[in-house]
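Student: I would like to learn how to read a protein model by its features. Could you walk me through one?

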Amino acid sequence: MPLPLEPAPLEGKHPITNVRYRYQVAIANSDKKTDDLVVSSGNDEGYSTTWLIKQCPSQHYEIKSVEHGSLAMCEDPSPSGTRYVYGSQDPPINQLWVIQWIGEHVFTRVTYLYQELSSIKEYLCRIKKPGDLNLCWKSGSEHLSPIVLDTYRNDKSFHWTINPEFLQQPIASGSNFVIETVNVDQDSVDRFKKFCDRTVAGAAFNSQERYPAPECLENTRITVRDEIAKWHSETDGRSICWLKGPAGAGKSSIAQTVAQELHSDGKLAASFFFRRGHARRSNITDFIPTMASQLAEAVLPTRNLMIEAFHREPSIPEQTYRDQFLKLIVDPLHHLLKECGSSRVIVVDALDECSEKGLVEELLKAFIVARPPLRVFLTSRDDGDINRTFRDPAIKDKTYCLDLNYFDSSDDIRAFFRTQFSTMYLKEALSRFCVPKPWPSDKDLDRLVRLSCGLFVYASTVVRVVDEDKGNDPRGKLDQALKNPPGLDSLYQQVLSAEANEYFHRVMGIIILSSTPVSVVDVGRLLQLEPIIVSKTLTRLHSILMIPDDITEPVQVLHTSLRDHMTHQEQAKTFFIEPLEHNRLILIDCLRVMTQKGEGGVPLIASHHYAWRGWGYHLKQVVVNEHRSKKKFCNGLIESLADFAVNWNLWAKYVEETTTTRLTMSYLWDCLSIVKVCGPLVVFRT
């Protein structure tokens, strides 16, 4: 029997009666100063049995005792973890409940929402209490036993009715059958949790991994931000907004700022910031689990709806991205928010940096099913494949396209330069070097704006280059930048020329091509170099790399345009990093590390972590690129693979105990789909 989708009328005065144990009514005990919400075993005289249910914004409710005027609320957990429900005439906070209708007269998941706001407007993103705790009848044997909040069980003690006459119907009634069909078993909860375990934590707009994330300077990019705000506030059928532009134009800063503003307004459903070269943030495989996990936190009632979806269809993780997105994201939000007119937005940045180009089109087509109140904000370069997908009429008709090439950023870049250089002047006390004000001069500032060619990444890189020599006169670095030709390539050449020793290409090759960011220690272990040598190689690259003081923390490329520059020979010139050759070298380094043994012949797994988690990624890069170029494995690589084959069982045991198993194995399967065998020497046995 299909579940009803429309809620029954709730507002008004009602008794609230438990379905599992008939005629037991939620009452307020008038004998106590604090009106405890309890169940009655039949004798209700002297107690308030009527509750006023009042609807608040976003389909949530206030529940008040008619006789005492006390609001139903929940106290903090007892030492045992139990949360008792009681009433208060003067609650310190707003008291809100989610009431989910599951059949005629019957309700379940009456979930308590706790917030510390004076207004209930847009409260969903500020909920403090767990959303999976539900109003539950506790005991059928005790008169006046308390009602508690508990996790959802396969148990009708969570089911309530505001129509006691319904309970006089036979057990086998159709409505009771509806109750039976919506019981969510623990297996469904476990499947949902396992699905969400694949969440890419570092992909969120506010993740520590992205800190400090680039964002728009105050009062900049106002025109384009206003256009985005206008789009997500409108009610037309264009549920997708695509912001496109060249590398370094500031798309990620705009996406970050939009996500922050939506989050502050309680309108952010989820966010995913792709990053090229990052194993999990450049991969679509875990995109939907990340969206589902974030949505379950941002809009708490969606969690139970997603669990119900897993109950109905346990095969959801194996379904297409379109079906996953529809059943876990679109349908729950539509069901909860369609009547209140409040929208939610998913923010997806740098879609072009996804390494799985063949799946990007599938993901974009999945977004077509989005409908109000859900909207999707995307950013990407004006990539050929993505462009072709957006020209598909089915997607084009639902997309509002914003091209940054048509937004003049000169004034914003000038404001950025002036703000940053003014701060630098004061912070570094440049007056001691007799640096005149304003600095730079208006003429030099105009020159910098022209050199930037509208790219914010150019502006931010210039500022870092000039500010790199702390405590010294910065005018020499600025003068050198002013003499460069326009564009980012010449600026990168200036930075890379500052210091390049004999280890430069190998060190930078690992940093820009690794599957996940690597530390100075990681690089040293792969190259058999002391960390001090790696650190000296990176000494003058702080303007293009984020290099932490702690050598065990990862070094990160500040902008993916650096990778583009260094992997294209025409732009990089003598600093060119050939991807195929360097991926082959990194793979050999990883395999060598994994065959090394410590005392007693025990492999050094913990101390060489990147090699053990990253080798599969580099193997895939080598296999794919050599297949495309019709080259064959060099003898050195085949020998390294053969040596590693001896330790295959040990590696298999290692990955069983880590989260890299699924991703690494997917790389191996990709390789096997391209080549059958890498030579007779390489045989892996499990």
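Tutor: Let us go through this structure feature by feature, starting with the ground rules. This is a predicted model, in which local features need pLDDT of at least 70 and side-chain atom pairs count only at pLDDT 80 or more, while totals for chains, interfaces and linings use all residues. Residues are numbered from 1 along each chain as its sequence is written, and side-chain values use heavy atoms, with hydrogens and water left out.

Student: How many helices and strands does the protein chain have?

Tutor: Helices (H or I, at least four residues) and strands (E, at least two) are DSSP runs, numbered from the N terminus. The protein chain here has 25 helices and 22 strands.

Student: What share of the residues is buried?

Tutor: Buried means under 20% relative accessible area, exposed means over 50%, and partly exposed lies in between, using a 1.4 Å probe and protein chains only. Of the 686 residues in the protein chain, 54% are buried.

Student: And how do I read contacts along the sequence?

Tutor: A contact means heavy atoms within 4.5 Å. Taking contacts between residues at least 6 apart in sequence, 70% join residues at least 24 apart. His 232 counts as buried, at 12% relative accessibility. Leaving aside neighbours within four places in sequence, His 232 is in contact with Leu 262, Ser 343, Val 345 and Arg 375.

Student: Which strands pair with S17?

Tutor: Two strands pair if DSSP finds at least two bridges between them. Strand S16 (residues 268–273) pairs with S17 in the parallel sense over five bridges, and Phe 272 has Val 348 in S17 as its bridge partner. Strand S18 (residues 374–380) also pairs with S17 in the parallel sense, again over five bridges; there the bridge partner of Val 347 is Phe 377.

Student: Why is S17 described as largely enclosed?

Tutor: Six of the six residues of strand S17 (residues 344–349) are buried, so the strand is largely enclosed by the rest of the structure. Arg 344, Ile 346 and Val 348 point one way, Val 345, Val 347 and Asp 349 point the other way, and all are buried.

Student: What about S19?

Tutor: S15 and S19 run parallel and are joined by five bridges. Lys 244 stands opposite Asp 403 in S19. Four of the five residues of strand S19 (residues 399–403) are buried, so S19 is largely enclosed by the rest of the structure.

Student: How many aromatic pairs does the structure hold?

Tutor: Rings of Phe, Tyr and Trp (its six-membered ring) pair if their centres lie within 6.5 Å; planes under 30 degrees apart count as stacked, over 60 as edge-to-face and the rest as tilted. The structure holds 14 aromatic pairs. One of them is stacked: Trp 242 and Phe 390, 4.0 Å centre to centre with 5° between the planes. This pair links distant parts of the chain, with Trp 242 in strand S15 (residues 240–244) and Phe 390 in helix H9 (residues 384–390), 148 residues apart. Both Trp 242 and Phe 390 are buried. Elsewhere, ring pairs link Phe 272, Phe 274, Phe 287, Phe 325 and Phe 367 into a cluster.

Student: Where do charges sit over rings?

Tutor: A charge sits over a ring if NZ of Lys or CZ of Arg is within 6 Å of the ring centre and within 35 degrees of the ring normal. The charged end of Arg 210 sits over the ring of Phe 273, 3.9 Å from its centre. Arg 375 lies over the face of Trp 231, at 5.7 Å from the ring centre.

Student: Last one: how many disulfides does a search of the whole structure find?

Tutor: A disulfide is a covalent bond between the sulfur atoms of two cysteines. The test is a pair of cysteine sulfur atoms within 2.5 Å, and a search of the whole structure finds zero. For Cys 401, the nearest cysteine sulfur, that of Cys 241, is 8.0 Å away. Cys 401 counts as partly exposed at 37% relative accessibility, whereas Cys 434 is exposed, with a relative accessible area of 65%.
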